[in-house]
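Please keep the sequence and the three-dimensional view at hand while reading.

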Amino acid sequence: MADSALVTTAQLIVVGLAVGVAAFVQVLAGFGFALLCMPIMTLAIPVEKAVVVSTVLSALTTSWQSWFLRKDAEVQLVRRLTISAYVGMPLGLVILEVVPDTSLKIVLGVSVLLATLMLARRLDLRHVGNGMDVSLGFVSGVLNTSLSTNGPPLVFDLQARHLDAARFRATISAVFALCNFGALGLFI
């Protein structure tokens, strides 16, 4: 490619496919947009560009969802997860800028596998205090600005607390929306 700013038709098709599939899953499950979108997009475009594209689009979908689901959100949990994610976001941005693209793709693949294994265990951690929310929120913030895959720690946290479906979707949508706008601010 002569000009790295140009996007080929093949790249647009891959990105469009990634976004379409990921948006469909996001609407059904309430999460999963970046988790599906990022690995597919990074086949066609650099991680640094994919992170920004994913975050912009995710901000739109999660804001819409969180607005319509807001009555079921666990406000204190949203607050803890969001504040701790904001603390982790600058570190994620440094990682995005410093770590090579290939290494980020490896980390993305490993983190998706680890998240899948952790979620499959379906642990009951309702008895664990707020420290779990703060720790996983921080990790989510780091992943948000480095790989745009902040969902796995949040999903694990909310599933481990055994929230019912309505509270789960509303809470995670609110955290995603708030964190996506914070990440966009850092990207700018």
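D164 is partly exposed, with a relative accessible area of 39%; here buried means under 20% relative accessible area, exposed over 50%, and partly exposed in between, with a 1.4 Å probe and protein chains only. The model is a predicted one, in which local features need pLDDT of at least 70 and side-chain atom pairs count only at pLDDT 80 or more, while totals for chains, interfaces and linings use all residues. Residues are numbered from 1 along each chain as its sequence is written, and side-chain values use heavy atoms, with hydrogens and water left out.

D164 forms a salt bridge with R167, and the closest N and O atoms are 3.0 Å apart. The term salt bridge stands for a side-chain nitrogen of Lys or Arg within 4 Å of a carboxyl oxygen of Asp or Glu. The structure holds 6 salt bridges. R167 also forms one with E74, where the closest N and O atoms are 2.6 Å apart. This second pair links distant parts of the chain, since E74 is in the loop between α3 and α4, R167 is in helix α8, and 93 residues separate them. Helices (H or I, at least four residues) and strands (E, at least two) are DSSP runs, numbered from the N terminus. E74 counts as partly exposed at 27% relative accessibility, and R167 is likewise partly exposed at 27%.

A further salt bridge joins the side chains of R161 and D157, at 4.0 Å from N to O. D157 is buried, with a relative accessible area of 0%, and R161 is buried as well, at 12%. Both residues belong to a network of salt bridges that links R80, D133, D157 and R161. R80 can also be located relative to G131: the two are 51 residues apart in sequence, yet 9.3 Å apart in space, C-alpha to C-alpha. G131 lies in helix α6, which covers residues 131–147, and is partly exposed, with a relative accessible area of 45%.

Helix α7, residues 151–160, is mostly covered, with 9 of its 10 residues buried. Among these buried residues are P152, P153, L154, F156 and D157.

Most residues other than glycine have a negative phi, and most peptide bonds are trans. S148, in the loop between α6 and α7, has a positive phi near 55 degrees and is not a glycine. H162, in the loop between α7 and α8, also has a positive phi, of about 55 degrees, although it is not a glycine. S148 is buried, with a relative accessible area of 2%, whereas H162 is partly exposed at 30%.

Which residues touch the most other members of the largest nonpolar core? They are M38 and M41, in a core of 41 residues. A nonpolar core is a set of buried Ala, Val, Leu, Ile, Met, Phe, Trp, Tyr and Cys residues joined through side-chain atoms within 4.5 Å. The elements that give two or more residues to this core are α1 (9–29), α2 (33–41), α3, α4, α5 (101–121), α6, α7 and α8 (165–187). The largest share, 10 residues, comes from α8.

I83, V87, L91, V94, V98, F138 and V139 make a nonpolar surface patch of about 620 Å². Patches are made of residues with over 30% relative accessible area and no salt bridge, with like charges joined within 9 Å and nonpolar side chains (Val, Leu, Ile, Met, Phe, Trp, Tyr) within 5 Å; the accessible areas come from the Shrake-Rupley method with a 1.4 Å probe, and for residues only the protein chains shown count as cover. Helix α4 (75–98) and helix α6 each supply at least two residues of the patch, and α4 gives the most, with 5 residues. F138 lies in helix α6 and counts as partly exposed at 32% relative accessibility.

Finally, the aromatic rings may be considered. A search of the whole structure finds 1 aromatic pair. W64 and F68 form this pair, which is tilted, with 5.1 Å centre to centre and 55 degrees between the planes. Rings of Phe, Tyr and Trp (its six-membered ring) pair if their centres lie within 6.5 Å; planes under 30 degrees apart count as stacked, over 60 as edge-to-face and the rest as tilted. Because W64 and F68 are 4 residues apart in helix α3 (residues 47–69), about one helical turn separates them. Both W64 and F68 are exposed.
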